[in-house]
Amino acid sequence: MRRSICLPIVAAGLSSFSFAQVTVNGTMDRTTEPYLRLATQTVETQYGDNLNELNGIYGVMDSGTLYLSITGNLQASGSNPNQLHIFIDSKVGGESTLSGSPGAAGTGGMAGCIFDSGIAADFHLILRRESNNFQVDFAELGGSGDYYGNIFSGADTGSATTGTGSINATGIQVAYDDSNVSGVGGARTPRPIRPRRAR
Ligand SMILES: [Ca+2]
Ligand SMILES: [Ca+2]
Ligand SMILES: [Ca+2]
């Protein structure tokens, strides 16, 4: 079964650090990378411990570039890959209710989803992981999108930069290392947890 995790990011609300030294490598170094915590998980995952789990979301802006660090796991699957959906609100306008367009990765089925008050998302980033293949979609909501397949050259962990496309004028740096073995636990009936467990 394909599983999707969705999260909205309001880029304009993030602080900018001119001294940011972020290395996109799949891990977050709290001593050198000035990420700010944006969200902390408060419920166990029903997908299975350290399989599909989202523990914490961190972000920082540097010279107009948005860096996100999302701690957790994205399970490698077969031909129907698990995916993480990130909606970015970075400019005036956008969608407070998803139109479902352009509908990459079947997200047309999400049409009608309503964001929290004050969020009007503009861009949609999808990260997909299947065995020996990691894929990226980047789209402008209500517009068109670009697809980048097998960005780790035959692996489902690693780091790479996508090419440019009709929506992104510069490449998107992506890294995933699958090293998380902590954070929240898994349960058939997820229970609330203390936020300090999810980092
Ligand atoms: Ca890093
Ligand atoms: Ca917007
Ligand atoms: Ca865990």
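Biologist: Which residue of β8 does A139 stand opposite?

Modeller: In this predicted model, A139 stands opposite G145 of β8.

Biologist: What makes β7 and β8 a pair?

Modeller: Two strands pair if there are at least two bridges between them. Four bridges join β7 to strand β8, residues 145-148, and the two run antiparallel. Four bridges meet the cut-off of at least two, so β7 and β8 count as paired. The hairpin they form has four residues between the strands, and G142 there takes a positive phi near 80°.

Biologist: What makes β6 and β7 a pair?

Modeller: The cut-off is again at least two bridges. Strand β6 (residues 123-130) and strand β7 (residues 133-140) have eight bridges in the antiparallel sense, so they pair. One of the residues involved is L125, whose bridge partner in β7 is F138. Two residues lie between β6 and β7 in this hairpin, and N132 in the turn has a positive phi of about 60°.

Biologist: Why is Y148 called partly exposed?

Modeller: Y148 has 19 other C-beta atoms within 10 Å. A buried residue needs 20 or more, and an exposed one has 12 or fewer. The value of 19 falls in between, so Y148 is partly exposed. Y148 lies in strand β8.

Biologist: Which residues does Y148 touch, leaving out those up to four places away in sequence?

Modeller: They are Q135, V136, T162 and G163. A contact requires C-beta atoms within 7 Å. As for F134, 14 residues from Y148 along the chain, the C-alpha atoms of the two are separated by 8.8 Å.

Biologist: What makes β2 and β4 the edges of their sheet?

Modeller: The sheet is open, with three strands in the order β2-β3-β4 and antiparallel pairing. β2 (36-40) and β4 (65-73) each have a single partner strand, so one side of each is left without a neighbour in the sheet. Neighbouring strands of this sheet are turned by 20° against each other on average, direction ignored.

Biologist: How do you know that β3 and β4 pair?

Modeller: Strand β3 (residues 53-62) and β4 share nine bridges in the antiparallel sense, where at least two are needed, so the pair qualifies. Within it, I57 has I70 of β4 as its bridge partner.

Biologist: How many helices and strands does the protein chain have?

Modeller: There are zero helices and 10 strands. Of its 199 residues, 29% count as buried. Among contacts with a separation of 6 or more, residues 24 or more positions apart account for 59%.

Conventions
Residues are numbered from 1 along each chain as its sequence is written. Chains are lettered from A and ligands numbered from 1 in the order in which they are written. This is a predicted model: local features need pLDDT of at least 70, side-chain atom pairs count only at pLDDT 80 or more; totals for chains, interfaces and linings use all residues. Two residues are in contact if their C-beta atoms, placed from the backbone, lie within 7 Å. Axes are lines fitted to C-alpha atoms, for helices over the stretch in contact, and angles run from 0 to 180 degrees between N-to-C directions.
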